[in-house]
Amino acid sequence: MFNLRRYFSVASLTAFAIAIPAMGFFSYQQAMESLIDIVKQKNELLTETLGNSLWIEHEDFLASAYRLNDQDLRFSSEMFDLRETIFDATQGLPVIKIRIFSLKGRVLYSPVPNQIGSYEAGNEGLQTALAREAFSSFQNGQILYEDVPLLKNRRLVSSYVPIQL
């Protein structure tokens, strides 16, 4: 005799075993995309606000920084003033690192002095920002900040936001 109940039970269990992990995966993906979108919007507003205040105080330096060689750029008195302004403006905000790039991909400001003057033309986020679109993605803090214990086991949202001043 054909035992329909047994086959129905096995088929239902198999369907649940496939559907539940799939739904969990898609739900996780949806949550991550939503989180990135929210953080991206906040970062865009923060960048625009910070950019406006930096431009007011450091317009001459930022407009001419591309002409300086790496050594002069790193150790200029304007760079120390810019670093202090950025530090003061981001105090108490959930900001880990701010970098300012030229339109050619040269790092004009970074809190890491060795990065100042380097070129990052192949950086996907920078290329997207140069095309006048914001770019955000999750980054692993262990890879990016392995020497900073507070950030070592964190996932961070990295954003590249174009500003036109």
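A residue is called buried when its relative accessible area is under 20%. In this predicted model, Phe135 has a relative accessible area of 18% and is therefore buried. Tyr160, at 15%, is buried as well.

These two residues also meet as a pair. The ring centres of Phe135 and Tyr160 lie 6.5 Å apart with the planes at 50°, so the pair is tilted. It ties together distant parts of the chain, since Phe135 belongs to strand β3 (residues 135-140) and Tyr160 to strand β4 (residues 155-160), 25 residues apart. Together with Phe101, Phe135 and Tyr160 make up one aromatic cluster.

In total, three aromatic pairs are found in the structure. One of them joins Phe25 and Phe26, whose ring centres are 5.5 Å apart and whose planes meet at 65°, so this pair is edge-to-face. Here Phe25 is partly exposed, with 46% relative accessibility, while Phe26 is exposed, with 55%.

Met79, Leu82, Thr85, Ile86 and Thr90 are the buried residues of α3. Viewed down the helix axis, they fall within an arc of 125°, so they line one face. The buried residues of α3 are covered by elements including α1, α2, β1 and β2, whereas the face turned away from the buried side carries the exposed residues Glu84 and Phe87. Just after α3, Gly92 adopts a positive phi of about 85°.

Notes: Residues numbered from 1 in each chain as written. Predicted model: local features only at pLDDT ≥ 70, side-chain atom pairs only at ≥ 80, totals over all residues. Heavy atoms only, no water. Phe/Tyr/Trp six-rings, centres within 6.5 Å; stacked < 30°, edge-to-face > 60°. Buried < 20%, exposed > 50% of the residue type's maximum accessible area, 1.4 Å probe, protein only. Helix = DSSP H or I, 4+ residues; strand = E, 2+ residues; numbered from the N terminus. Arc of directions from axis to C-beta. Contact = heavy atoms within 4.5 Å.
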